[in-house]
Amino acid sequence: MVINNVIILILMDTICYEAYKNLYINITNRCSGNCIFCIRNFADGVHGYDLRLSTKPSIDEVIEALEKQNLSKYEEIVFAGLWEPTLRFEVVLAVTQWLKNRNLKVRLNTN
Ligand code: SF4
């Protein structure tokens, strides 16, 4: 966007990203662990995606992001992100129900 010759970049949070024929869902930047080898100590994301979130995406925002994808082309839909998805377990449960209603394979990566 350009206003008065000033370029303004509007960065969107990455809620969904592709890797390994799967679609990954990024819902939190928090973790109950503090591993010395954690990727968050060295990078802002994986596979070229910046996974730092400016806000915690709501259930509706996650589903809205999923609705923009061709979900049938993925082998699995995976809760992962950089950190621990179960810290937002209500989102995991609600979105999993939404995905299972569409007969999609769901996986949870957890510590
Ligand atoms: S995301 Fe995984 S590696 Fe990183 S601190 Fe949490 S448990 Fe450890």
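Lys and Arg are counted here as positive charges and Asp and Glu as negative, while His and the chain ends are not counted. The place of a charge is taken as NZ of Lys, CZ of Arg, CG of Asp or CD of Glu. On this basis, the mean positions of the 12 positive and 12 negative charges of the protein chain lie 5 Å apart. The model is a predicted one, in which local features need pLDDT of at least 70 and side-chain atom pairs count only at pLDDT 80 or more, whereas totals for chains, interfaces and linings use all residues. Residues are numbered from 1 along each chain as its sequence is written, and side-chain values use heavy atoms, with hydrogens and water left out.

The protein chain contains 2 helices and 8 strands; these are DSSP runs numbered from the N terminus, with helices being H or I of at least four residues and strands being E of at least two. Read from the N terminus, the order of elements is β-β-β-β-β-β-α-β-α-β. Along the principal axes, the C-alpha atoms of the chain fill a box of roughly 50 × 35 × 25 Å.

Of the 111 residues in the protein chain, 36% are buried. Buried denotes under 20% relative accessible area, exposed over 50%, and partly exposed in between, for a 1.4 Å probe and protein chains only. The accessible surface of the chain amounts to about 7,200 Å², and carbon and sulfur atoms hold 53% of this surface. Accessible areas come from the Shrake-Rupley method with a 1.4 Å probe, and for residues only the protein chains shown count as cover. Among contacts (heavy atoms within 4.5 Å) with a separation of 6 or more, 77% are between residues 24 or more positions apart.

The whole structure holds 2 aromatic pairs. Rings of Phe, Tyr and Trp (its six-membered ring) pair if their centres lie within 6.5 Å; planes under 30 degrees apart count as stacked, over 60 as edge-to-face and the rest as tilted. Y17 and Y24 form a stacked pair, at 5.4 Å centre to centre and 15° between the planes. Y17 and Y49 form a tilted pair, with 5.3 Å between centres and 45° between planes. This second pair links distant parts of the chain, since Y17 lies in strand β3 (residues 16-19) and Y49 in strand β6 (residues 49-50), 32 residues apart.
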